[in-house]
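Reader: I've got a structure open and want to talk through its charges and helices. Can you take my questions one by one?

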Amino acid sequence: MTRSFFKGLTIRAIICVILSMTFLCSCLWYTRSVNRSKEQDAYREEFGTLLLASKYSSLNSDVLKNHKDIKSVFSAYDETGKLIGYIVDVETEVSSGKIHAQMSISENGENLMNIRVVSDGPEYLTYTEEEMEQLSLQLKDARIPVAVRQDDAIDTPYQVDYDPLLGLHDGTFFARSKKAAQDGYVDYCEIIVKGGRIVTCSWDAEDETTHRTRSEDSISGDYKISGNIWADQAYRVAKHMVLVQDPVKLAMKSDGKTEIIEGVTMDISMFVSLVNECIDNSRNSYSKDQYIRDHTDENDSEEDDKENDPDETVKDNKNNGNKNEEITPTPVPKSDPSQDFSPAPTKAPSQIDVIGGEDGVVSAGDESILSDSVDGIPMNEIRTRIDGLDGDRTRSAALLTAVNQAYKFIREYLNWVG
(Lines give C-alpha, C1' and ligand atoms only; values in the text may rest on other atoms or scores of the structure.)
Protein backbone atom coordinates (compact mmCIF):
# COMPACT_ATOMS: atom_id res chain seq x y z
CA MET A 1 0.00 0.00 0.00
CA THR A 2 1.34 3.33 -1.05
CA ARG A 3 1.21 6.66 0.72
CA SER A 4 -1.25 7.98 -1.87
CA PHE A 5 -3.65 5.12 -1.04
CA PHE A 6 -3.68 6.02 2.67
CA LYS A 7 -4.08 9.68 1.81
CA GLY A 8 -7.13 8.95 -0.36
CA LEU A 9 -8.59 6.68 2.32
CA THR A 10 -8.15 9.43 4.92
CA ILE A 11 -9.85 12.02 2.71
CA ARG A 12 -12.78 9.68 2.08
CA ALA A 13 -13.08 9.00 5.81
CA ILE A 14 -13.10 12.74 6.58
CA ILE A 15 -15.76 13.32 3.94
CA CYS A 16 -17.88 10.54 5.43
CA VAL A 17 -17.53 12.03 8.90
CA ILE A 18 -18.47 15.49 7.62
CA LEU A 19 -21.50 14.11 5.77
CA SER A 20 -22.53 12.11 8.83
CA MET A 21 -22.20 15.14 11.11
CA THR A 22 -24.14 17.29 8.64
CA PHE A 23 -26.88 14.68 8.49
CA LEU A 24 -27.03 14.37 12.28
CA CYS A 25 -27.10 18.17 12.74
CA SER A 26 -29.85 18.43 10.13
CA CYS A 27 -31.85 15.75 11.92
CA LEU A 28 -31.28 17.48 15.27
CA TRP A 29 -32.25 20.86 13.83
CA TYR A 30 -35.36 19.36 12.24
CA THR A 31 -36.32 17.59 15.46
CA ARG A 32 -35.88 20.74 17.50
CA SER A 33 -37.77 22.75 14.90
CA VAL A 34 -40.64 20.28 15.03
CA ASN A 35 -40.59 20.33 18.83
CA ARG A 36 -40.52 24.14 18.90
CA SER A 37 -43.37 24.21 16.43
CA LYS A 38 -45.36 21.76 18.55
CA GLU A 39 -44.54 23.78 21.67
CA GLN A 40 -45.70 27.01 20.02
CA ASP A 41 -48.85 25.26 18.77
CA ALA A 42 -49.53 24.15 22.33
CA TYR A 43 -48.97 27.69 23.67
CA ARG A 44 -51.15 29.07 20.89
CA GLU A 45 -53.92 26.65 21.77
CA GLU A 46 -53.65 27.52 25.46
CA PHE A 47 -53.17 31.28 25.22
CA GLY A 48 -54.61 32.15 21.82
CA THR A 49 -57.98 33.22 23.24
CA LEU A 50 -56.17 35.60 25.58
CA LEU A 51 -53.63 36.98 23.11
CA LEU A 52 -52.98 35.44 19.71
CA ALA A 53 -49.28 35.63 18.86
CA SER A 54 -46.76 34.17 16.44
CA LYS A 55 -44.38 33.25 19.26
CA TYR A 56 -44.62 32.82 23.03
CA SER A 57 -41.54 32.88 25.22
CA SER A 58 -41.44 31.90 28.90
CA LEU A 59 -40.22 34.80 31.01
CA ASN A 60 -37.54 33.89 33.54
CA SER A 61 -36.89 36.92 35.70
CA ASP A 62 -35.53 37.40 39.20
CA VAL A 63 -38.50 39.71 39.79
CA LEU A 64 -40.71 36.59 39.94
CA LYS A 65 -39.12 35.74 43.29
CA ASN A 66 -40.81 38.80 44.79
CA HIS A 67 -44.29 37.75 43.63
CA LYS A 68 -45.27 34.34 44.97
CA ASP A 69 -48.78 34.58 43.48
CA ILE A 70 -47.44 34.69 39.91
CA LYS A 71 -47.24 31.12 38.57
CA SER A 72 -45.78 31.97 35.16
CA VAL A 73 -45.36 34.78 32.67
CA PHE A 74 -44.98 34.58 28.88
CA SER A 75 -43.93 37.27 26.44
CA ALA A 76 -45.95 37.31 23.21
CA TYR A 77 -44.46 38.37 19.85
CA ASP A 78 -45.87 38.94 16.37
CA GLU A 79 -44.41 37.49 13.14
CA THR A 80 -41.82 40.31 12.94
CA GLY A 81 -40.56 39.57 16.46
CA LYS A 82 -42.17 42.65 17.98
CA LEU A 83 -43.40 42.34 21.58
CA ILE A 84 -47.19 42.66 21.66
CA GLY A 85 -47.97 41.80 25.29
CA TYR A 86 -47.65 39.44 28.22
CA ILE A 87 -49.59 36.40 29.41
CA VAL A 88 -49.68 36.30 33.21
CA ASP A 89 -50.87 33.28 35.19
CA VAL A 90 -51.94 34.26 38.72
CA GLU A 91 -53.06 32.12 41.63
CA THR A 92 -53.88 34.01 44.81
CA GLU A 93 -55.94 33.60 47.95
CA VAL A 94 -58.60 36.02 49.18
CA SER A 95 -60.93 35.94 52.16
CA SER A 96 -63.61 34.09 50.16
CA GLY A 97 -61.27 31.40 48.80
CA LYS A 98 -58.62 30.86 46.14
CA ILE A 99 -58.73 32.24 42.63
CA HIS A 100 -56.72 31.16 39.59
CA ALA A 101 -56.80 33.58 36.67
CA GLN A 102 -54.93 33.94 33.40
CA MET A 103 -54.81 37.27 31.63
CA SER A 104 -53.12 39.18 28.84
CA ILE A 105 -51.57 42.60 29.47
CA SER A 106 -50.35 45.12 26.89
CA GLU A 107 -46.62 45.40 26.18
CA ASN A 108 -46.36 48.71 28.09
CA GLY A 109 -48.07 47.26 31.16
CA GLU A 110 -50.89 49.81 30.95
CA ASN A 111 -53.96 47.82 29.88
CA LEU A 112 -55.67 44.53 30.63
CA MET A 113 -56.45 42.95 27.26
CA ASN A 114 -58.32 39.76 28.22
CA ILE A 115 -58.92 37.53 31.23
CA ARG A 116 -60.31 34.13 32.20
CA VAL A 117 -60.70 32.11 35.41
CA VAL A 118 -59.40 28.54 35.80
CA SER A 119 -61.20 26.25 38.24
CA ASP A 120 -58.70 23.90 39.90
CA GLY A 121 -60.87 22.44 42.67
CA PRO A 122 -63.73 22.99 45.09
CA GLU A 123 -61.76 25.53 47.14
CA TYR A 124 -61.36 27.78 44.08
CA LEU A 125 -63.84 30.49 43.15
CA THR A 126 -65.83 29.82 39.99
CA TYR A 127 -67.71 32.12 37.63
CA THR A 128 -70.43 31.24 35.14
CA GLU A 129 -70.04 32.11 31.46
CA GLU A 130 -72.55 34.92 31.89
CA GLU A 131 -70.62 36.33 34.86
CA MET A 132 -67.29 36.16 33.04
CA GLU A 133 -68.83 37.85 30.02
CA GLN A 134 -70.15 40.61 32.25
CA LEU A 135 -66.77 41.11 33.93
CA SER A 136 -64.78 40.77 30.70
CA LEU A 137 -66.82 43.50 29.02
CA GLN A 138 -66.06 45.87 31.90
CA LEU A 139 -62.38 44.96 31.97
CA LYS A 140 -61.72 44.92 28.21
CA ASP A 141 -58.73 47.22 27.54
CA ALA A 142 -59.12 48.71 31.03
CA ARG A 143 -56.13 50.57 32.46
CA ILE A 144 -54.69 48.74 35.44
CA PRO A 145 -54.74 48.59 38.44
CA VAL A 146 -58.48 48.21 38.92
CA ALA A 147 -60.98 48.51 41.79
CA VAL A 148 -64.70 47.94 42.29
CA ARG A 149 -66.63 51.20 42.17
CA GLN A 150 -68.38 52.15 45.39
CA ASP A 151 -72.05 52.92 44.76
CA ASP A 152 -72.51 54.61 48.12
CA ALA A 153 -69.99 56.83 49.84
CA ILE A 154 -68.39 55.07 52.78
CA ASP A 155 -67.46 56.98 55.89
CA THR A 156 -63.71 56.64 55.97
CA PRO A 157 -62.47 55.23 59.26
CA TYR A 158 -59.46 57.08 60.53
CA GLN A 159 -57.06 57.04 63.43
CA VAL A 160 -57.56 59.69 66.11
CA ASP A 161 -54.15 59.59 67.79
CA TYR A 162 -53.76 63.36 67.28
CA ASP A 163 -56.17 66.20 67.98
CA PRO A 164 -57.54 68.11 64.98
CA LEU A 165 -56.67 71.73 64.31
CA LEU A 166 -59.10 74.29 65.63
CA GLY A 167 -61.32 76.35 63.39
CA LEU A 168 -61.65 73.94 60.46
CA HIS A 169 -64.93 73.99 58.56
CA ASP A 170 -66.25 70.91 56.78
CA GLY A 171 -65.90 70.64 53.01
CA THR A 172 -63.35 70.14 50.24
CA PHE A 173 -60.50 72.63 50.03
CA PHE A 174 -57.85 73.08 47.37
CA ALA A 175 -54.62 74.97 46.70
CA ARG A 176 -52.36 75.18 43.65
CA SER A 177 -48.89 76.65 43.28
CA LYS A 178 -48.76 79.90 41.32
CA LYS A 179 -46.06 78.70 38.93
CA ALA A 180 -44.44 75.49 37.80
CA ALA A 181 -41.53 74.02 39.71
CA GLN A 182 -38.14 73.52 38.10
CA ASP A 183 -39.27 70.12 36.80
CA GLY A 184 -42.12 71.76 34.84
CA TYR A 185 -44.97 70.52 37.06
CA VAL A 186 -47.54 72.70 38.81
CA ASP A 187 -48.21 71.25 42.28
CA TYR A 188 -51.64 71.11 43.88
CA CYS A 189 -53.08 69.79 47.13
CA GLU A 190 -56.58 68.91 48.33
CA ILE A 191 -58.03 68.11 51.74
CA ILE A 192 -61.48 66.98 52.84
CA VAL A 193 -62.67 68.02 56.30
CA LYS A 194 -65.46 66.20 58.14
CA GLY A 195 -66.51 66.93 61.70
CA GLY A 196 -63.75 69.51 61.90
CA ARG A 197 -61.10 66.89 61.14
CA ILE A 198 -58.97 66.31 58.03
CA VAL A 199 -60.06 62.88 56.81
CA THR A 200 -58.55 62.90 53.31
CA CYS A 201 -55.47 64.53 51.84
CA SER A 202 -53.85 64.26 48.41
CA TRP A 203 -50.86 65.79 46.64
CA ASP A 204 -50.01 65.74 42.95
CA ALA A 205 -48.80 67.97 40.12
CA GLU A 206 -49.57 68.53 36.45
CA ASP A 207 -47.03 68.93 33.67
CA GLU A 208 -47.65 72.24 31.88
CA THR A 209 -46.75 70.74 28.51
CA THR A 210 -48.14 67.19 28.49
CA HIS A 211 -50.85 67.74 31.15
CA ARG A 212 -49.91 64.36 32.65
CA THR A 213 -49.59 64.17 36.41
CA ARG A 214 -46.31 63.66 38.19
CA SER A 215 -47.80 60.52 39.77
CA GLU A 216 -48.57 59.02 36.36
CA ASP A 217 -45.12 59.85 35.03
CA SER A 218 -43.42 58.41 38.11
CA ILE A 219 -45.40 55.18 37.83
CA SER A 220 -44.56 54.86 34.12
CA GLY A 221 -40.89 55.63 34.81
CA ASP A 222 -40.83 58.94 32.91
CA TYR A 223 -40.23 60.86 36.16
CA LYS A 224 -37.61 59.49 38.53
CA ILE A 225 -36.30 60.49 41.94
CA SER A 226 -34.05 58.77 44.44
CA GLY A 227 -35.68 56.23 46.71
CA ASN A 228 -39.28 55.13 46.18
CA ILE A 229 -41.17 56.50 43.18
CA TRP A 230 -42.66 59.98 43.61
CA ALA A 231 -46.27 58.71 43.69
CA ASP A 232 -45.46 56.40 46.60
CA GLN A 233 -43.64 59.07 48.59
CA ALA A 234 -46.39 61.65 47.99
CA TYR A 235 -48.98 59.11 49.10
CA ARG A 236 -47.05 58.41 52.32
CA VAL A 237 -46.72 62.14 53.10
CA ALA A 238 -50.43 62.82 52.51
CA LYS A 239 -51.41 59.76 54.55
CA HIS A 240 -49.21 60.86 57.46
CA MET A 241 -50.78 64.32 57.26
CA VAL A 242 -54.22 62.78 57.86
CA LEU A 243 -52.80 60.99 60.89
CA VAL A 244 -51.06 63.96 62.56
CA GLN A 245 -53.54 66.67 61.34
CA ASP A 246 -50.96 69.47 61.61
CA PRO A 247 -48.24 70.20 58.99
CA VAL A 248 -45.92 71.20 61.84
CA LYS A 249 -46.01 67.58 63.04
CA LEU A 250 -44.48 66.45 59.74
CA ALA A 251 -41.20 67.70 61.25
CA MET A 252 -39.90 69.30 58.06
CA LYS A 253 -36.28 70.40 58.40
CA SER A 254 -34.65 73.49 56.90
CA ASP A 255 -33.71 71.54 53.76
CA GLY A 256 -37.37 70.67 53.14
CA LYS A 257 -37.02 67.00 54.10
CA THR A 258 -38.39 64.93 56.96
CA GLU A 259 -37.02 61.90 58.75
CA ILE A 260 -40.17 60.74 60.54
CA ILE A 261 -42.07 59.25 57.57
CA GLU A 262 -40.74 55.87 56.48
CA GLY A 263 -39.86 55.70 52.78
CA VAL A 264 -39.94 59.48 52.24
CA THR A 265 -36.64 61.04 51.23
CA MET A 266 -37.79 63.86 48.92
CA ASP A 267 -38.36 67.57 49.57
CA ILE A 268 -41.86 68.12 51.03
CA SER A 269 -41.72 71.91 51.40
CA MET A 270 -44.15 72.46 48.51
CA PHE A 271 -46.66 70.07 50.08
CA VAL A 272 -46.38 71.80 53.47
CA SER A 273 -46.96 75.19 51.84
CA LEU A 274 -49.99 73.99 49.89
CA VAL A 275 -51.60 72.05 52.74
CA ASN A 276 -51.23 75.11 54.99
CA GLU A 277 -53.07 77.10 52.33
CA CYS A 278 -55.79 74.44 52.24
CA ILE A 279 -56.12 74.70 56.02
CA ASP A 280 -56.45 78.49 55.81
CA ASN A 281 -59.11 78.05 53.13
CA SER A 282 -61.00 75.65 55.43
CA ARG A 283 -60.89 78.11 58.30
CA ASN A 284 -62.28 80.78 55.99
CA SER A 285 -64.85 78.43 54.39
CA TYR A 286 -63.19 79.14 51.04
CA SER A 287 -64.30 76.01 49.16
CA LYS A 288 -62.53 74.24 46.32
CA ASP A 289 -65.23 75.28 43.84
CA GLN A 290 -64.88 78.96 44.80
CA TYR A 291 -61.08 78.68 44.65
CA ILE A 292 -61.19 77.17 41.15
CA ARG A 293 -63.65 79.83 39.92
CA ASP A 294 -61.61 82.70 41.33
CA HIS A 295 -58.31 81.45 39.99
CA THR A 296 -59.82 80.64 36.60
CA ASP A 297 -61.10 84.22 36.42
CA GLU A 298 -57.66 85.46 37.49
CA ASN A 299 -55.95 83.47 34.73
CA ASP A 300 -58.44 84.71 32.15
CA SER A 301 -57.86 88.28 33.30
CA GLU A 302 -54.09 87.89 32.95
CA GLU A 303 -54.51 86.51 29.43
CA ASP A 304 -56.71 89.50 28.51
CA ASP A 305 -54.10 91.91 29.88
CA LYS A 306 -51.43 90.29 27.72
CA GLU A 307 -53.58 90.82 24.63
CA ASN A 308 -54.05 94.54 25.42
CA ASP A 309 -51.58 97.10 24.06
CA PRO A 310 -49.02 97.84 26.81
CA ASP A 311 -48.99 101.61 26.06
CA GLU A 312 -52.78 101.74 26.19
CA THR A 313 -52.76 99.94 29.53
CA VAL A 314 -50.31 102.48 30.99
CA LYS A 315 -52.46 105.34 29.67
CA ASP A 316 -55.58 103.92 31.26
CA ASN A 317 -53.81 103.53 34.57
CA LYS A 318 -52.66 107.16 34.51
CA ASN A 319 -56.15 108.40 33.65
CA ASN A 320 -57.75 106.36 36.40
CA GLY A 321 -55.02 107.15 38.88
CA ASN A 322 -54.94 103.48 39.97
CA LYS A 323 -52.25 100.88 39.90
CA ASN A 324 -52.83 97.33 38.78
CA GLU A 325 -54.37 95.48 41.69
CA GLU A 326 -53.85 91.83 42.47
CA ILE A 327 -57.02 89.82 42.12
CA THR A 328 -57.88 88.17 45.42
CA PRO A 329 -60.58 85.70 46.39
CA THR A 330 -63.94 87.02 47.49
CA PRO A 331 -63.52 87.94 51.17
CA VAL A 332 -65.38 85.78 53.62
CA PRO A 333 -66.81 87.27 56.83
CA LYS A 334 -64.61 86.43 59.77
CA SER A 335 -66.00 84.18 62.43
CA ASP A 336 -66.87 85.41 65.87
CA PRO A 337 -63.72 85.05 68.03
CA SER A 338 -65.86 83.92 70.93
CA GLN A 339 -67.26 81.04 68.92
CA ASP A 340 -66.17 77.55 69.96
CA PHE A 341 -64.23 76.01 67.08
CA SER A 342 -64.09 72.55 68.61
CA PRO A 343 -65.42 70.11 65.99
CA ALA A 344 -68.51 68.10 66.68
CA PRO A 345 -67.26 64.53 67.27
CA THR A 346 -68.32 62.02 64.68
CA LYS A 347 -67.18 59.02 66.71
CA ALA A 348 -65.49 58.66 70.02
CA PRO A 349 -61.98 57.19 69.86
CA SER A 350 -63.16 54.12 71.73
CA GLN A 351 -65.82 53.51 69.07
CA ILE A 352 -63.39 53.51 66.18
CA ASP A 353 -61.97 50.03 65.80
CA VAL A 354 -59.25 50.46 63.21
CA ILE A 355 -56.03 48.83 62.22
CA GLY A 356 -53.31 51.16 60.96
CA GLY A 357 -51.15 49.47 58.34
CA GLU A 358 -48.69 50.33 55.63
CA ASP A 359 -51.32 49.60 53.01
CA GLY A 360 -54.02 51.77 54.57
CA VAL A 361 -56.50 51.94 57.41
CA VAL A 362 -58.82 48.96 57.46
CA SER A 363 -62.08 48.76 59.30
CA ALA A 364 -62.00 45.72 61.56
CA GLY A 365 -64.41 43.01 60.56
CA ASP A 366 -64.73 44.15 56.96
CA GLU A 367 -61.66 43.42 54.87
CA SER A 368 -63.27 44.76 51.73
CA ILE A 369 -63.37 48.38 52.93
CA LEU A 370 -60.04 50.15 52.49
CA SER A 371 -59.79 53.83 53.19
CA ASP A 372 -56.84 54.62 50.98
CA SER A 373 -55.63 51.47 49.24
CA VAL A 374 -56.80 48.47 47.24
CA ASP A 375 -54.78 45.23 47.36
CA GLY A 376 -51.94 47.26 48.88
CA ILE A 377 -52.03 49.75 45.99
CA PRO A 378 -52.58 53.45 46.86
CA MET A 379 -55.97 54.78 45.74
CA ASN A 380 -54.29 57.52 43.70
CA GLU A 381 -52.66 54.75 41.65
CA ILE A 382 -56.00 53.06 40.73
CA ARG A 383 -56.66 53.74 37.05
CA THR A 384 -60.05 52.06 36.47
CA ARG A 385 -63.16 51.42 38.55
CA ILE A 386 -65.82 48.96 37.45
CA ASP A 387 -69.30 48.09 38.72
CA GLY A 388 -68.51 44.37 38.88
CA LEU A 389 -71.14 41.65 39.19
CA ASP A 390 -74.63 42.71 40.14
CA GLY A 391 -75.01 42.26 43.89
CA ASP A 392 -71.75 40.34 44.29
CA ARG A 393 -68.98 42.73 45.19
CA THR A 394 -66.92 40.06 46.98
CA ARG A 395 -66.28 37.84 43.95
CA SER A 396 -65.84 40.90 41.73
CA ALA A 397 -63.13 42.20 44.07
CA ALA A 398 -61.53 38.72 44.18
CA LEU A 399 -60.99 38.69 40.43
CA LEU A 400 -59.60 42.23 40.54
CA THR A 401 -57.15 41.11 43.24
CA ALA A 402 -55.68 38.66 40.72
CA VAL A 403 -55.47 41.47 38.15
CA ASN A 404 -53.75 43.76 40.62
CA GLN A 405 -51.24 41.06 41.59
CA ALA A 406 -50.30 40.81 37.91
CA TYR A 407 -50.05 44.59 37.74
CA LYS A 408 -47.62 44.68 40.68
CA PHE A 409 -45.35 42.19 38.93
CA ILE A 410 -45.51 43.93 35.54
CA ARG A 411 -44.81 47.31 37.13
CA GLU A 412 -41.73 46.03 38.94
CA TYR A 413 -40.54 44.00 35.97
CA LEU A 414 -40.79 46.88 33.48
CA ASN A 415 -39.00 49.26 35.87
CA TRP A 416 -36.35 46.58 36.45
CA VAL A 417 -35.65 45.94 32.77
CA GLY A 418 -35.85 49.66 32.00
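Reader: How many salt bridges does a search of the whole structure find?
Author: Bear in mind that this is a predicted model. In general, side chains of opposite charge can pair when their charged atoms come close. Searching the whole structure for salt bridges gives a count of 16.

Reader: Take Arg-143 and Glu-110: how many residues apart in sequence are the parts that this pair ties together?
Author: The two form a salt bridge, with their closest N and O atoms 3.1 Å apart. Arg-143 sits in strand β6 (residues 142-143), while Glu-110 is in the loop between β4 (97-106) and β5 (111-118), so the pair ties together parts whose separation in sequence is 33 residues.

Reader: Now Arg-214 and its salt bridge with Asp-187: what is the distance between the closest N and O atoms?
Author: Buried means under 20% relative accessible area. Arg-214 has 3%, so it is buried, and Asp-187, at 3%, counts as buried too. The closest N and O atoms of this salt bridge are separated by 2.8 Å.

Reader: Which helix holds Arg-214?
Author: Arg-214 and Asp-187 make a salt bridge, and the pair links distant parts of the chain, 27 residues apart. Asp-187 is in strand β9 (residues 185-194), and Arg-214 is in helix α3.

Reader: What about Arg-411 and Glu-381, where does Arg-411 lie?
Author: Their side chains meet in a salt bridge at 2.4 Å, N to O. Glu-381 is in the loop between β14 (377-378) and β15 (384-386), so the pair ties together parts 30 residues apart in sequence, with Arg-411 lying in helix α8 (residues 393-417).

Reader: Of that pair, what is the relative accessible area of Glu-381?
Author: The cut-off for buried is under 20%. Arg-411 has 25%, so it is partly exposed. Glu-381 is on the buried side, with a relative accessible area of 4%.

Reader: Which residues are linked with Glu-131 in a network of salt bridges?
Author: Glu-131 is one of the buried residues of helix α2 (residues 129-139). Its network of salt bridges takes in Asp-392 and Arg-395.

Reader: Why do the buried residues of α2 line one face of the helix?
Author: They are Glu-131, Met-132, Leu-135 and Leu-139. An α-helix has 3.6 residues a turn, so residues three or four places apart point the same way. Looking down the axis of α2, you see its buried residues line one face because they fall within an arc of 95°.

Reader: Which residues are exposed on the other side of α2, and what phi does Asp-141 take just after it?
Author: The exposed ones on that other side are Glu-129, Glu-130, Glu-133 and Leu-137. Just past the helix, Asp-141 has a positive phi of about 60°.

Reader: Asp-207 has no salt bridge; how far away is the nearest side chain of opposite charge?
Author: Asp-207 is in strand β10 (residues 197-207) and is buried. A salt bridge needs the nitrogen and oxygen within 4 Å. For Asp-207, the nearest side chain of opposite charge is that of Arg-212, at 8.1 Å.

Reader: Then which backbone nitrogen lies 2.9 Å from a polar atom of the Asp-207 side chain?
Author: Leaving out residues up to four places away in sequence, Asp-207 touches Gly-184, Tyr-185 and Arg-212. The backbone nitrogen at 2.9 Å from a polar atom of its side chain belongs to Thr-210.

Reader: With which side chain does the side chain of Glu-259 make a polar contact?
Author: Glu-259 is placed in the loop between α4 (230-244) and α5 (269-283). Its relative accessibility is 65%, so it counts as exposed. The polar contact, at 2.9 Å, is with the side chain of Lys-253.

Reader: Last one: what does Asn-281 touch?
Author: Asn-281 is in helix α5. With 8% relative accessibility, it counts as buried. Setting aside residues up to four places away in sequence, it touches Phe-173, Phe-174, Tyr-286 and Tyr-291.

Technical notes:
Residues numbered from 1 in each chain as written. Predicted model: local features only at pLDDT ≥ 70, side-chain atom pairs only at ≥ 80, totals over all residues. Heavy atoms only, no water. Buried < 20%, exposed > 50% of the residue type's maximum accessible area, 1.4 Å probe, protein only. Helix = DSSP H or I, 4+ residues; strand = E, 2+ residues; numbered from the N terminus. Arc of directions from axis to C-beta. Lys, Arg positive; Asp, Glu negative; His and termini not counted. Polar contact = N/O pair within 3.5 Å; in protein donor to acceptor, adjacent residues only side chain to side chain. Contact = heavy atoms within 4.5 Å.
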